[in-house]
Amino acid sequence: MLRLHAPMATPFRFLSVPRRAFSAAVKFEGRVSMVQGASRGIGLEFVKQLLENDDKGHVIATCRNPNGSNGLVNLKDKFAERLRISQLDVTIESSIEATARDIKETYGHLNLLINASGILSIPEVLHPETTLSKVEKSSLMLAYEVNAVGPILVIKHMWPLLKVGGGFGTERSVAVVASLSARVGSIGDNRLGGWHSYRSSKASLNQLTKTISVEFARKKDPIACILLHPGTVDTDLSKPFQRNVAQEKLFTKEFSAQKLLSIINNVKSHDNGKFFAWDGQEIPCFGGVWHQSPMKARARPRAL
Ligand SMILES: NC(=O)c1ccc[n+]([C@@H]2O[C@H](COP(=O)([O-])OP(=O)(O)OC[C@H]3O[C@@H](n4cnc5c(N)ncnc54)[C@H](OP(=O)(O)O)[C@@H]3O)[C@@H](O)[C@H]2O)c1
């Protein structure tokens, strides 16, 4: 079930190694990655795999309520020196700015930024719509705020820190920004309708990402800004909608994160602005064709 945490009255800021251990003079040998939306689900799995796969890599994991994430607390016990946990709510811009400042002071740069946060349904608050008559302004605005505006503000505050390189473990020739979108956010791939708030918020994320990618292409330091569809993954987000999903099409978060990290690790500058599914196939953000008749589409189970 999705948990909705109110921002803390006394913001818990950084669950991390003592600050003096990271004086400005320290040179980071390894890659510095940030995973936003890391409390659970695919985001938490990204943090785990990034730490396990590169024994010199540093990870900044951000979430709304660090004390409430057992997964992150456990990882912190295991990777105390290389994991920094920061409180960040994508709807509170000051929390994004504070994290950017901390990263700048602590590490000086970032090689990879992953936006993994997202909402689809929240009991009593946000219901995926099945028809236009169920569409409500509050749902549209909330989905837009969390799924589109939030990740873009995170990119806005982090991009001055994005750098290629970072020593060991950094084989990529570009710094990478990867945001988790969803296939249903592709306008060209919209065969089923419904889920107006979620679908349109992800379409907005896609358009905003594409717009940023055009600007990034003009910058001296190469940054590739991509969108990723993780497949239908067994997490809290998909739980209420798994009934019609065939077992072999419901991925574990371990499998999905592994596939997505392999895409991220092989990103080239010409991938800037592209939208990839978990298997590396490109998804059309905007154009594309209708693959099925509406009759057939109605019979298909939903895929997220
Ligand atoms: N699972 C799927 O089948 C599927 C399919 C297609 C796309 N996706 C996309 O993949 C991404 C990850 O999904 P998931 O399945 O891992 O979902 P999940 O398990 O429900 O996790 C969602 C994450 O988003 C965070 N979040 C929600 N509101 C936030 C806010 N205002 N500020 C910061 N973080 C916030 C949650 O933090 P809290 O713990 O604080 O709530 C949680 O860490 C999402 O963008 C989703 O749209 C998932």
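Trainee: Which side chain meets lysine 239 in a salt bridge?
Mentor: This is a predicted model, where local features need pLDDT of at least 70, side-chain atom pairs count only at pLDDT 80 or more, and totals for chains, interfaces and linings use all residues. Numbering starts from 1 along each chain as its sequence is written, and side-chain values use heavy atoms, without hydrogens and water. A salt bridge puts a side-chain nitrogen of Lys or Arg within 4 Å of a carboxyl oxygen of Asp or Glu. At 3.2 Å, N to O, the partner of lysine 239 is aspartate 234.

Trainee: What is the relative accessibility of lysine 239?
Mentor: Buried means under 20% relative accessible area and exposed over 50%, with partly exposed in between (1.4 Å probe, protein chains only). Aspartate 234 is partly exposed at 32%. Lysine 239 also counts as partly exposed, because its relative accessibility is 45%.

Trainee: Which residue forms a salt bridge with aspartate 236?
Mentor: The closest N and O atoms of this pair are 2.8 Å apart. The pair links distant parts of the chain, 196 residues apart: aspartate 236 sits in the loop between β8 (232-233) and β9 (250-251), its partner in the loop between β2 and α1.

Trainee: How many salt bridges does the structure hold?
Mentor: One of them joins lysine 219 to glutamate 215, with the closest N and O atoms 3.8 Å apart. Lysine 219 is partly exposed at 31%, and so is glutamate 215 at 39%. Elsewhere, Lys48, Glu52 and Lys78 are linked in a network of salt bridges. The structure's count is nine.

Trainee: How many residues of strand β2 are buried?
Mentor: Strands (E, at least two residues) and helices (H or I, at least four) are DSSP runs, numbered from the N terminus. Strand β2 covers residues 32-36. Val32, Met34 and Gln36 point one way from β2, Ser33 and Val35 the other way, and all are buried.

Trainee: In β3, which residue is the bridge partner of serine 33?
Mentor: Strands pair if DSSP finds at least two bridges between them. Five bridges join β2 to β3 (residues 58-63), and the two run parallel. The β3 partner of serine 33 is valine 59.

Trainee: In β5, which residue is the bridge partner of glutamine 36?
Mentor: Strand β5 (residues 112-115) runs parallel to β2, joined by four bridges. Glutamine 36 is paired in β5 with asparagine 115.

Trainee: What is the volume of the largest cavity?
Mentor: On a 1 Å grid over the protein atoms alone, a cavity is a set of points where a 1.4 Å probe fits but cannot get out, and lining residues have an atom within 4 Å of a point. Points are joined across faces, edges and corners, and the volume is the space filled by probe spheres set on them. The count is one cavity of 30 Å³ or more. Its lining includes Ile119, His127, Glu129 and Tyr198, and the space in it is about 30 Å³.

Trainee: In which helix does isoleucine 212 lie?
Mentor: Isoleucine 212 counts as buried because its relative accessibility is 14%. Lysine 156 is 56 residues from isoleucine 212 in sequence and 9.2 Å from it in space, C-alpha to C-alpha. The helix that holds isoleucine 212 spans residues 196-217 and is α5.

Technical notes: On a 1 Å grid over the protein atoms alone, a cavity is a set of points where a 1.4 Å probe fits but cannot get out, and a pocket is an open set with protein on both sides within 12 Å along at least five of seven lines; lining residues have an atom within 4 Å of a point.
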